[in-house]
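Take a look at the model below. Keep the sequence beside it as you read.

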Amino acid sequence: MRKLSLSSFSKALTATAISIVLAGSIAHSFANNDLPDLGTAAVNTFSLEKESVYGDAYMRVIRSSTPVLNDPVLSQYLSELGNKLVANATGVKTPFYFFLLRNDEINAFAFFGGHVGVHTGLFLNADNESELASVLAHEISHVTQRHLARSLEAQQKSSTATIAGMLGAILLTIAAPQVGIAALATTQALATQSSINYTRLHEKEADRIGMQILVDAGFDPNAAATFFGQLAVRYRFSTTPPQMLLTHPLPESRITEARNRAAQYPERHVPDSLLYQLAKARIQVRFSSFSDDAALSLFEQQLKKREYTHKDAALYGKALALFRLEKFEQAEVIIDELLKKDDNNLFYIDTKTDLLAQKKAYPQAIALLESQRKLKPTSQVININLANIYVEANQPTKAIPLLEETIFLDKQNMLPYQIMSDAYRKLDNKALEYYSNAEIMALTANYQGAIDQLNYAYRYSEGNTLQLARIEARIRQFRQADREMDQFK
């Protein structure tokens, strides 16, 4: 099966796309509070529909080349936090899609179609939810102000060769930031004062508007200055600063202006979120460079010395670490105690489900999740966990409608398609197993591979007129998508 390579995609991108690095910018400075809104009136080059098309294409290539984290609990937490901020933003013209990359680097970025990517390293370094929210609010502002589209218009003044040089590094920067930065550094356009000034305006605007979003959403206005101040001190003399400091430099002026903006708002005490600390603990144990023993030691020391923001988060982290070390009974004792205090907490429910599945206590797991589904019928955590348990319990027919509902609500999530493929395999329905595999491949821009899978599905669908027609239609769609992708090559 042919897989669309990152290099072939990025080598000849046309002038209808612009680098994510420009959204974060290579060189920034920061505005006064009275900076006027530049808005979107000047954007003539790129329609919102085009932004959506290019955003979808970028996202598919990101999935094929970087470790996108398909963890339902973390995904739902991040989406709910991001959408809380979006609900307090103005000028929202596109749906937003928040996703996690498994990467210890401190970074976040935004690109076409409302896509906002967050590295797990951001959780590892943000002390509280307000600090994480301050970064998300900044990236949301890049999207609402259509900074990529506005950069496109500015770059129309550059030569075709220069634009091609910049665009050729876009996806390299997404998948391998250091390589991308090196490639962009050789582009002459980045050295021009006009380009630098333009991206500075974007950062000024995103800082100012992001602060307003942060405050309106109920978070601590001091969080941005606190977080970036900590980063500036930590990496002041480092020869290898984190990616966020390469794309979002932190001169003292920026931190000072963030403090000055925060001082204009009434002082607000924001208790830190337990959910944030649970998400951070989950990443520390399951998706960071910590070894299993080191993760257990981390939380045992926190509990021993009482060095935690929320004791329950430290206990949760310990339970996850014990699970990783296959000390299941000890882990379950902790999770059961946590559930007694908060029986609707999705972090605890997810881990309890894992523990029940590990000892094949499927009826108990199903009962737990079915009762939760009555309370949270659209929760991807509940529905994906329940579907997975049904498949493991050899009841795949009960999993399929749950997965179809989850896919309807989030067509960009690969995990339900993967479980769907397993369900159809258990049912020995090769046609729909291949069909599910095709959807997975299409989500990674591997359209030729997807068409191959659909051709297999077609062979196993003989006599099923409706299914044959559905497969034929999907093949036509994927062929068209593949032709459209060719314009990037």
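This is a predicted model: local features need pLDDT of at least 70, side-chain atom pairs count only at pLDDT 80 or more; totals for chains, interfaces and linings use all residues.

Residues are numbered from 1 along each chain as its sequence is written, and side-chain values use heavy atoms, leaving out hydrogens and water.

Start with a record. An unreviewed UniProt entry places the feature "active site" at Glu139 and Asp207; such annotations may be inferred rather than shown by experiment.

Glu139 sits in helix 6 (residues 129-144); helices are DSSP runs of H or I, at least four residues, numbered from the N terminus. At 1% relative accessibility, Glu139 counts as buried, meaning under 20% relative accessible area with a 1.4 Å probe, protein chains only. Its side chain reaches the backbone nitrogen of Ala110 at 3.4 Å.

Asp207 belongs to helix 11 (residues 193-216). Asp207 is buried too, at 13%.

Now the loop between helix 3 (48-65) and helix 4 (72-86), where Thr66 lies. Thr66 counts as buried at 10% relative accessibility. The Thr66 side chain reaches the backbone oxygen of Ile62 at 2.6 Å.

Ten of its 14 residues are buried, so helix 17 is largely enclosed by the rest of the structure. Among the buried ones are Asp312, Tyr316 and Phe323. Just after helix 17, Glu326 takes a positive phi of about 60 degrees.

Key: Buried means under 20% relative accessible area, exposed over 50%, partly exposed in between (1.4 Å probe, protein chains only). Helices (H or I, at least four residues) and strands (E, at least two) are DSSP runs, numbered from the N terminus. A polar contact is a pair of N or O atoms within 3.5 Å; within protein, one must be able to donate a hydrogen and the other to accept it, and residues adjacent in sequence count only if both atoms are side-chain atoms.
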